[in-house]
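I opened my notebook to look at one protein chain.

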Amino acid sequence: NGTGPNATIDITTIPTVENLKVSEVTNSTINITWDAPPDGYTVDAPYAEATDSSTEGKPIRDPSEVASSTWHRFGNCNSFREYRVFVRLSETGGNEGSYSIITARTLGKPPTGQPNNFSSIPNITFITVRWSAPDLWERNGIITNYII
């Protein structure tokens, strides 16, 4: 208050979201949790953005959704995509704080394509089976195993 060398400045520091975690992920949803905000603070509606161009730069946010005080679920996510999730504390009816950010990857879906170049060669005591992975655009994530 005042001017000149004896002026004082009032600075308000707003805390950040504490203990922000990804609690559950599916191929189309991301659930996040955090500690309850301190008295006098609320959590703004969180939003998520894909780290690639899969959402064409549009964040996943429903303005009508109000976050719970300690968790939020994002739906309509693309499968096997990495997202940055943003959560912000604000003073109730006042100043906005800075965002806390966490990264999450949705799960892949089962492959839509079949294995390529499948062959089997029988022998008296065993059968040799060979194949190659489905085409890249039909994998829908990382293939971790095959069941024969």
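Here are my entries on this predicted model.

**Entry 1: the core.** I looked up the largest nonpolar core and found 18 residues in it. Leu 20, Ile 30, Ile 32, Trp 34, Phe 74, Val 85 and Val 87 have the most contacts inside this core. I then checked the strands. At least two core residues come from each of S2 (30–33), S3 (41–43), S4 (47–50), S6 (82–91) and S7 (96–105). S6 gives the largest share, four residues. I noted a general point here: in soluble globular proteins, nonpolar side chains tend to be buried together.

**Entry 2: Val 85.** Which residues does Val 85 touch, leaving aside its neighbours within four places in sequence? I listed Ile 32, Tyr 47, Ala 48, Phe 74, Ser 100, Ile 101 and Ile 102.

**Entry 3: Asn 31.** I found Asn 31 in strand S2. Is Asn 31 buried or exposed? Its relative accessible area is 8%, so Asn 31 is buried, because buried means under 20%. Leaving aside neighbours within four places in sequence, I saw Asn 31 in contact with Lys 21, Val 22, Ser 23, Glu 24, His 72 and Arg 73.

Entry 4: Most residues other than glycine have a negative phi. I looked up Asn 19 and found a positive phi of about 60°. Asn 19 is in the segment before strand S1 (21–25). Asn 19 is partly exposed, at 43% relative accessible area. Asn 117 also has a positive phi, about 55°. I placed Asn 117 in strand S8 (residues 116–122). Its relative accessibility is 63%, so Asn 117 counts as exposed.

Note on methods
Residues are numbered from 1 along each chain as its sequence is written. This is a predicted model: local features need pLDDT of at least 70, side-chain atom pairs count only at pLDDT 80 or more; totals for chains, interfaces and linings use all residues. Side-chain values use heavy atoms; hydrogens and water are left out. A nonpolar core is a set of buried Ala, Val, Leu, Ile, Met, Phe, Trp, Tyr and Cys residues joined through side-chain atoms within 4.5 Å. Buried means under 20% relative accessible area, exposed over 50%, partly exposed in between (1.4 Å probe, protein chains only). Contact means heavy atoms within 4.5 Å.
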